[in-house]
Amino acid sequence: MSSNVPTPARIRSHALQERAERFFPGGVNSPVRAFRAVGGAPPFVERGEGAWLIDADGNRYIDYFGSWGPMILGHAFAPVVEAIERAARNSASFGASTAAEADLAERIVACYPAIEKLRFVSSGTEATMSAIRLARAATGRKIVIKFEGCYHGHADGLLVKAGSGVATFGIPGSAGVPEEIARLTHALPYNDLAAVDAAFDAHEGKIAAVILEPVVGNAGCIPPAPEYLAGLREITEREGALLIVDEVMTGFRVALGGALELYGIDADLVTLGKIVGGGLPVGVFGGKRRFMDLLAPLGPVYQAGTLSGNPLAMAAGIATLGYLQEHAAEIYPRLEATARAVAEGVAQEAAKAQVPLTLNRVGSMWTWFFQSGTVTNYEEAARSDTAAFGRFHRALLEQGIWLPPSQFEAAFLGNAHGDSEIRATIDAARVAFAAVKVT
Ligand SMILES: *Cc1c(COP(=O)(O)O)cnc(C)c1O
């Protein structure tokens, strides 16, 4: 929608978008950044400051997407910046082992008892892709069960009914994924244990793994029903399939030990990303030693990465997890309180304005679904009024509030968000709901 006439306030962003479109498909290097789902033109960011983003024209925005999850401590957080600077002085990369890798691993394992051994990669996509390869090797089986609306990165076999990006663009999977590969992924409705039981009955001895987001974030925020996660653990154990809990979004977000800690469950393999890299590109897959030891050079499963365990990324991760660990007792209750205040405050403004709104929230991730029904799975999320969400998004952006640009993405806040940001957001929402009602 870059053909829109730019508002005078975003002249430079508009010019930068036009330039970017010459180089990048859609002007972006990741599709949801293009704002197609909400309309309007995306501001170009120049810098971040705690809870705030400052664009190329000097406009300031309260950030509610936090680089899609990682920035839980806020932008340009001094201990993280200093750690990256210090590491950079010793060179950006070696392609040989450094002590920092085990330093970060120690912190991860301390938060995640389910992780006995792990390997670093450079993105969440790599983490889930590798976890699935491992599960297939461990079981000698081919089929993977995932859930509708869950996103696990953009590897071929995982782009089946994959939420957010693909939902935003109305593409059922993706062009370019061979049918033979897509057929090995079975997508079932979330929060429905009977569907999982039925799939194991229908494909006895053929299912390698069940992979899920323990709290869905990529179809908007959808919490697990009570006993759902425990039920999946029980079924997979009984059937000899691996349970892969994809905590790329929820890890260190919904609790220090992620959803595994919050809901008290175990997993065979866990994937991490986002927060674990403190804003630099890091992914992790890890879990039970007997599975992880199947990896080369110990075992027959090949997996590698030129920049895996990169020293700058390790430094940012250590600084971030170190701070979270040391201050967990204050940070997580504070995130809960701040997120509750803004999420419920805005929902109350919707009620006053008689705009139908369903709020789902787990800790500092949430979604305001523009509808009146409950949202427990992707099908229900998809009933939302995405045009109304688009109007809401644009009206907030004009007032300096930047939500994730899709109804099907969870909003986040971080430790830098405080009372003044919350109040400004609720005030802006009051104005925005008036705009939502005018069609
Ligand atoms: C973001 C995300 C991924 C993909 O991570 P990338 O670093 O973008 O490749 C995988 N799984 C979940 C749950 C995510 O939220």
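Between domain 1 and domain 2 of this predicted model, the count of salt bridges is 0, although the two domains bury about 2,200 Å² between them. Over the structure as a whole the count comes to 17 salt bridges, and one of them joins D293 to K117.

- The chain is divided into domain 1, which is made up of residues 8–64 together with 329–436, and domain 2, which covers residues 78–326.
- The centres of domain 1 and domain 2, taken over C-alpha atoms, are separated by 26 Å, and the contact takes 26 residues from domain 1 and 29 residues from domain 2.
- The size of an interface is often given as the accessible area lost when the parts come together.
- For domain 1 and domain 2 that buried area is about 2,200 Å², with 66% of it on carbon and sulfur atoms, while salt bridges between the two domains number 0.

- Side chains of opposite charge can pair when their charged atoms come close.
- D293 forms such a salt bridge with K117, and the closest N and O atoms of this pair are 2.7 Å apart.
- The pair links distant parts of the chain, since D293 lies in the loop between α10 and α11 and K117 lies in strand β4, 176 residues apart.

**The second largest pocket**

- The second largest pocket holds about 440 Å³ of space, and its lining consists of 20 residues, of which S97, E101, F120, S308 and G309 lie nearest its centre.
- Sorted by class, the lining of the second largest pocket has 10 polar, 8 nonpolar and 2 charged residues.

**Backbone features in loops**

- The peptide bond that runs from A296 to P297 is cis, with omega near 15°, and P297 is found in the loop between α10 (289–292) and α11 (311–326).
- A76, although it is not a glycine, has a positive phi of about 50°, and this residue is found in the loop between β3 (60–63) and α2 (78–89).

Methods. Residues numbered from 1 in each chain as written. Predicted model: local features only at pLDDT ≥ 70, side-chain atom pairs only at ≥ 80, totals over all residues. Heavy atoms only, no water. 1 Å grid on protein atoms, 1.4 Å probe; cavity = no way out; pocket = protein on both sides within 12 Å on 5 of 7 lines; lining within 4 Å. Points joined across faces, edges and corners; volume = space filled by probe spheres on them. Nonpolar A, V, L, I, M, F, W, Y, C, P; charged D, E, K, R; others polar. Domains from an automatic or database assignment. Contact = heavy atoms within 4.5 Å. Buried area = accessible area lost by both parts, 1.4 Å probe. Salt bridge = Lys/Arg side-chain N within 4 Å of Asp/Glu carboxyl O. Helix = DSSP H or I, 4+ residues; strand = E, 2+ residues; numbered from the N terminus.
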